[in-house]
Structures are given as structure tokens and as C-alpha cells.
Amino acid sequence: MTPESSPRSVVLLGSTGSIGTQALDVIARNPERLRIAALAAGGGRVDLLARQAAEFRAEAVAVADESAVPALKEALAAHGAAPVVLAGAEGVAEVAAWPSGGGTDAGNGPIVLNGITGALGLTSTLAALEAGRDLALANKESLIIGGPLVKRLAKPGQILPVDSEHSALAQCLWAASPSGADARAVQRLVVTASGGPFRGRRRVDLWDVTPEMALAHPTWNMGPVITINSATLVNKGLEVIEAHLLFDIGFDRIEVVVHPQSVIHSMVEFVDGSTIAQASPPDMRLPISLALGYPERIPGAASPVDWTQAHTWTFEPLDDEAFPSVSLARHVGTQGGTAPAVYNAANEVCVEAFMKGALPFPGIVDTVAQVVSEHVTSQASTVEEVLAADEWARSRTAELTA
């Protein structure tokens, strides 16, 4: 983007969450490059949403929870903001295509950052792609559960990964070949994992884990659902499926390695024996800024590694016995169709049950595995089919965790 260019319009979905608030920090520090066009959130923090709308002069605001509309309108008035207000899943999807008829020039057309948590993000992802928007994807669930649907709509380069691991993989591939690395040159993708708060523990040591213990992530400051997913490594399982879908690399060529320092965010090994890694201190503002500013980098988005100091970075294999979620995700991803939707939905219900004390920590993945084994996989050729599998999985999981 040249200095004379107008700021790029950003539609931010999930603005009150961890990704959303960090994205707004990036945007606030780069007003000449980026501006907010519209915001959306679940509806649980309407005053924060209203303050964001006022500060960033959003043209439209949506809440997934329709019952939150009166409180949102009151809060908007209190903050002197008067955007268009939309509600429900349909309203969030409408915001994803905001503004109607907006341009799609590569690198400077409107971009949608989908930071919504969970399966709710699918319809918004599809709406953004159908509108021709570039999509900065933090809501990995929408790609994972709607894989065939999303892949069918997305044009090459239209989806820009925001997960730190997939952003790292993309950067490694760009470094190898700016025009896009030939998949035949890639030996494997190596996705790194911090190991979570229970790294090194055996399965037998995990039965007494409490929600408070699981929420104490050693590296990242994230929302509660993704933090629990990081503790069980379900999040890493989802990332393996996401890497397969984003980069068209087979599951047999995607590895997970534990890297507690979380400085190497992922690596690409090539057929000649060379490995390219992306390194930076853990800060989600870096992958967020890279997606929003692509194909350019935004200066000062995050702090770099301090090379004047000594560093020790370690790597160790994943313990599949203590953390079977990744191997289960490989199985689910290989099945394809509606199986990933069932894996994701069952996990979301299990996390909620664990947080309420109704399920022990190892029971999260054990229950997900049982639900997956009971599911009869279909093709996932329509949104209705995907959502039906999602609904079945939630109902069955609720029965098992009651």
C-alpha cells in the first residue's frame, strides 16, 4: 500500500474477544493503512462493543445474540455512536459482506477478519468469500467443519491465515517461493505446540486437573475455550486439519512437535533436506497485522527476537498417550466429510462440561472420541448437512456428559 492509498476497510468479527481486541490495537496504531468498517460480536459484552463502535466509527455493528440488541442500542447511544445495528447469525453474516458492493482489489479491497469462536463462524466465512472479500481467518473451526464448502468458494490467495502456526507456515512457503511453493518441493509441514500447562505429565496424572489449572497457559493469553483446547491439545489437532486444508498437504506429511518456548511458530521441511522456520516472540498482533496488511508487512506490529541475548529453544516429540487429541484429529481429518464438524462440536460441549465440573480433564477427548466413533460420516456438501452433524454431535455429547 502506498502512502497515497486510502486505508483498507476492515470488517472485524469477534471484536470483543482476544483476537478482536488485539486486531483493534493493530488498526488503532496504523490509521493510515487500516480502518474499521463494521464490527460484530456474540453479544455478551455490549458496552465494550459500543465503545469500540464509537472509537473506530463503525458503520455497522452486529450481535449474534438477538436479545442483546436493546442493551447494545442503549450503550451505543450513551457513547454517541449511531451505526446500523444487525442481529442474529444472519446479521453477523450480513456484516461479513459489508459494505455491499465494496471493491475487491487485491491487497486494498475490504478484508474480513473472522475472529468468532466456534462453529458460529461458518456462515460468516461463507458470506465473506461469496462477497469476494479477502478473509483473514482466525476462526479455524469454520474451515475445519465446512472444509469442502469453504474450499469450493475460496479463490487462490483469498484466505489469509491468522493462527500463528499457519501464518508461520505461509511465511515459510512464501520465503521459499514468493509466487507459491510447489507442493512437490515440500517434504513436510512441522506445526509447533507449546505443550500447554501439562506438558510432561502422564495420562494418569491428569485426572485431578481443575479448570483453573487448565486455564493457566504458560505462553499465550487467550480466551477460555481456546485455552482449554490448548491444554488438551485439541487445538493442535484442529490446526493439523486446518494446515491440510490450507496448504493441500497430506496428513502423512504434517507433523506436530512440542516447543515450549513458543518462539518457532512452525517450520517447513523441503525435499532437499532444508528447513525454513519462522521465529518471533509470542504475540498474536504479528500474524494479525500480516493478514490485514498482506502483501505488505506493517512496521512495528510486534517486538522481534532480541538477538543480543542468549536463547535456548528446545523441541520434543508429542506424547500421544497423554494427549490423544492430535491422533484423533488425523483420523477425523482423513475421514473428511462431516467428521471434523462432529469432532469440533463434541469438543465444545465437553469443554463446557469440564468447566462446570461435570467431566474430568481426560474425559474431554475420551468423550469426543466416543461421539466420533458413533457418527456416520456424510459428504458435507451443504451448510445444512454440516450444521445437522454439528447439532447431532452436540446433542449426543450432552447426553454423555449429563
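Visitor: What is the strand order in the open sheet of five strands?

Guide: The model is predicted, so local features need pLDDT of at least 70 and side-chain atom pairs pLDDT 80 or more, while totals for chains, interfaces and linings use all residues. Residues are numbered from 1 along each chain as its sequence is written, and side-chain values use heavy atoms, leaving out hydrogens and water. Strands (E, at least two residues) and helices (H or I, at least four) are DSSP runs numbered from the N terminus; two strands pair if DSSP finds at least two bridges between them. The sheet has mixed pairing, and its order is 11-10-8-9-12.

Visitor: Which strands stand at the edges?

Guide: An edge strand here has a single partner strand, so one side is left without a neighbour in the sheet. The two are strand 11 (275-279) and strand 12 (316-317).

Visitor: Which residue in strand 12 is the bridge partner of Val 258?

Guide: Strand 9 (residues 254-258) pairs with strand 12 over two bridges, in the antiparallel sense. Val 258 has as its bridge partner Glu 316.

Visitor: Which residues does the UniProt annotation "binding site" cover?

Guide: The annotation comes from an unreviewed UniProt entry. Such annotations use the numbering given here, with shortened feature names, and may be inferred rather than shown by experiment.

Visitor: Why do they gather at one spot?

Guide: In sequence they span 77 residues. They gather because no two of their C-alpha atoms are more than 8.4 Å apart.

Visitor: Is Glu 165 buried or exposed?

Guide: Glu 165 sits in helix 8 (residues 164-176). Buried means under 20% relative accessible area, exposed over 50%, and partly exposed in between, with a 1.4 Å probe and protein chains only. At a relative accessible area of 10%, Glu 165 is buried.

Visitor: Which residues does Glu 239 touch, not counting residues up to four places away in sequence?

Guide: Glu 239 lies in helix 11 (residues 234-247). Glu 239 is buried too, with a relative accessible area of 2%. Contact means heavy atoms within 4.5 Å. By that rule, Glu 239 touches Lys 140, Asp 163, Glu 165, His 166 and Val 191.

Visitor: What kind of aromatic pair do Trp 307 and Trp 313 form?

Guide: Rings of Phe, Tyr and Trp (its six-membered ring) pair if their centres lie within 6.5 Å; planes under 30 degrees apart are stacked, over 60 edge-to-face, the rest tilted. Here the centres are 6.0 Å apart, with 65 degrees between the planes. The pair is edge-to-face.
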